[in-house]
Amino acid sequence: MFEQIAFYLFSILTIGLFLVTVFSNNILYAMTSLASGMVLIAGFFFLNGADFLGVVQLIVYVGAVMALYAFGMMFFNVTKTIKENNTSNVTVFVLGVSIALLMVLMFAAPISPEVIFVSAAPEPNATNPEAVGLVLFTKYLVPFEVAAVMLLIAMIGGIILAGKKMDQSLTKTDDENIIQKDIK
Amino acid sequence: MDALVVGTIIKIVLVLLIVSALAGFGTYIERKVLAFMQRRLGPAHVGPFGLLQIAADGIKLFTKEDIIPQHANKFIFSLAPVITAATAFIALSAVPLFPTFVIPESLPLIGGAIVPSIIADVNIGVLFVLGMMAAGLYGPLLAGMAQANKWGILGSARTAVQFLSYEVVTGLSVLAPIMVVGSLSLLDFNNAQTGGVGSWLIWQQPIAFILFLIAGFAETNRTPFDLLEHEAEIISGYVTEYSGLRWGMFFIGEYANMFTISILAAVIFCGGYGDIGFVPGWLALLLKVTFFFFLMLWVRASWPHIRPDQLMWLCWKVLMPLAVINIVITGIVVMI
Amino acid sequence: MHEEIIHTDNTPKEKQNYVMLKLGRTPAYGWPAFKQVAKRAVSGELLVGLWITLKEMVKTLFMGGKHTTMYPFEKMPIAPRYRAIHNMLRLLESGHYRCIGCGLCEKICISNCIAMETRYDENQRKEVSEYTINFGRCIYCGYCAEVCPELAIVHGGRYETASEQRASFSLFDDMLTPIDMLKQQQEFAGFGSVTPNADAAIKKTPLAY
């Protein structure tokens, strides 16, 4: 009983919060509702017994990704409402809805009870992290490694982009030198 | 309703009340310890040994005028303190606090209820606590962004940078003990260290222990790393515009987090609630938690703040490489 | 630790422990910087700070090392030359107030806070009928005490000047020595006088380094 109540509560709240994210004119509201929606999605994982994935959802999406978004938003005035300059609301609405419908048809239409099957059955006695680990390191080892290499490349790229002038200290350079460099 | 549900509800109420009260008591202890270390007296006039100062401060906080700045985003402004307090308490729900006990049948209404040791016995307790503390960064973050104040914005920028960076260190440092024990459950950690002081994980993983403590200080916003509200630089950071009860909720959240980190350090590295010789387990845990809490105050009295760039330097150039090396070595040892 | 006590020519009266640390230059980059960080992290310099605070705590708790004065209940002695709320003194023999109503203090007061009215009494002597000091304006410069030819107005030691009314301390009768306290009345050591134990209290300022 508790599970069902929680499921419907979480569903309504998640949809409502993501609607706020889309429709709000205020960055702060959009960001807060997106983050809280992510927390509630972690709730679904907990309801289905996937504790590990739920916590990973919390740590990665709520703790890291959304916080980075928030850090990006430090550079805006978040208390102001945004004026969107849409040329035509009708165009936006028609395009948005049709693209959404197309996506749903593309991804959801092939799913019917006959085609759904478990591609990698979890070990019956394994605990949550163990089950994830077993699947990840046997059946899906190659995609896992590819993703790891991709993340490594992204990290190196980030370090190179950000670390170009890292060995120069701004506090130890004269003001004139800094200004001259900026002019160049 | 079955006995466990009633017991869990009782436990939730108990934890809420006790930890909120302990937060008040924590401020008293902090003021006293800091005072003694600076050859002062601390609160001494209200009640015996100044103990009722907590009550006086509580009354002051509750009755103070609740000010919301004119240009602040009122909804988010009032939401932020709730997030801090709530995440701190939710994190506590996966931490073992007292031994399990059954309320005697003779009591009306709640007789026979089983009060569990852990409120939510998820089998990945460590990760859950860390995840909840990670979500706790939204309190300071939103508070700073909603209050239309430059110091608040600076405070929340520092929140994002500091918490994000030190989450990495906390996670990596806990990973090594997790590999040794082979489980994410705090109960398994406790059971792995029942063989007396010699079996504590701190002897196997001293580097992980130190890294965890340092990162814990940073995540609870304690002194060498309390850049979020560093008075000398950014007035009060994210709490600049807060007053009264809302400010108090930030405080309660911070102290609850301090308790959580202390309990985690005690359970993961220092034998949890296993008996030490003739000292019973619950007392041993209490003593360990008290020691870690005292350590936080002690460090606050002894060491100066560090600069933000030093904070980042420490995290990414010192602690994270150390943690990774520690994990690699642990992995090799565990494999052999 | 490289420590060395600096000896100077004029040795201070009590031994002082100012210490100069020879730290050398701080390396900024590369291997030397790394070496310094590693050395400092391992050598336990941070623990020295922890040890000092713990020692102070033990001293405070068990060896009576508190430096607190329980202020409203006990007070630090203040210097005799301290300038706080004024006192009006009396003649020791007759007990009559010393003020002769010359008006010099009113004249010299640079913040115009002294107001007095005088008249002739039945013996054709000058008598002070009104005398008030506006302590909202007074800057406690001490000119009135310095200029007074009769040593009648002096500065006292009452520095707790919070009250419910502005006029609390400022009436002539409030400032006048109570007649039953005449025996305890003390002369003001005056502008520029030194504290009794001034010689003993002298310390060399730490400018040696």
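**View 1. The two domains of chain A.** Chain A is divided into domain 1 (1-82) and domain 2 (127-169), with bounds that come from an automatic or database domain assignment. The C-alpha centres of domain 1 of chain A and domain 2 of chain A lie 24 Å apart. This is a predicted model, in which local features need pLDDT of at least 70, side-chain atom pairs count only at pLDDT 80 or more, and totals for chains, interfaces and linings use all residues; side-chain values use heavy atoms, with hydrogens and water left out. Residues are numbered from 1 along each chain as its sequence is written, while chains are lettered from A and ligands numbered from 1 in the order in which they are written.

**View 2. The make-up of chain A.** Chain A has seven helices and zero strands, where helices (H or I, at least four residues) and strands (E, at least two) are DSSP runs, numbered from the N terminus. Along the sequence the pattern reads α-α-α-α-α-α-α. Of the 184 residues of chain A, 20% count as buried; buried means under 20% relative accessible area, exposed over 50%, and partly exposed in between (1.4 Å probe, protein chains only). Take the contacts (heavy atoms within 4.5 Å) in chain A between residues at least 6 apart in sequence: 48% of them join residues at least 24 apart.

**View 3. Where chain A meets chain B.** Here 27 residues of chain A are in contact with 29 residues of chain B. About 2300 Å² is buried between chain A and chain B, and carbon and sulfur atoms give 81% of that area. Buried area is the accessible area (1.4 Å probe) that two parts lose on being put together, summed over both. Which elements of chain A give two or more residues to the side that touches chain B? They are α2 (27-47), α3 (51-73) and α5 (128-138) of chain A. Of these, α3(A) gives the most, with 14 residues. If you look for charged pairs between chain A and chain B, the count is zero salt bridges, a salt bridge being a side-chain nitrogen of Lys or Arg within 4 Å of a carboxyl oxygen of Asp or Glu. Two residue pairs are in polar contact between chain A and chain B (both at pLDDT 80 or more). A polar contact is a pair of N or O atoms within 3.5 Å; within protein, one must be able to donate a hydrogen and the other to accept it, and residues adjacent in sequence count only if both atoms are side-chain atoms.

**View 4. Where chain B meets chain C.** In this view, 14 residues of chain B are in contact with 17 residues of chain C. The area buried between chain B and chain C is about 1600 Å², with 74% given by carbon and sulfur atoms. On the side of chain B that touches chain C, α1 (3-37) and α12 (281-302) of chain B each supply at least two residues. The largest share of that side, five residues, comes from α12(B).

View 5. Glu56(C) lies in helix α2 (residues 45-62) of chain C. Is Glu56(C) buried or exposed? Glu56(C) counts as buried because its relative accessibility is 15%. Not counting residues up to four places away in sequence, Glu56(C) touches Phe36(B), Met37(B) and Arg39(B). With Arg39(B), Glu56(C) forms a salt bridge whose closest N and O atoms are 2.5 Å apart. The count between chain B and chain C is one salt bridge.

View 6. The domain assignment of chain C gives domain 1 (3-62) and domain 2 (86-184), with C-alpha centres 55 Å apart. Chain C has six helices and six strands, which run β-β-α-α-β-α-β-β-α-β-α-α from the N terminus on. Of the 209 residues of chain C, 27% count as buried. After α1(C) comes Gly44(C), whose phi is positive, near 75°. Ala167(C) counts as partly exposed because its relative accessibility is 35%. Ala167(C) and Leu91(C) are 76 residues apart in sequence and 25 Å apart in space, C-alpha to C-alpha.
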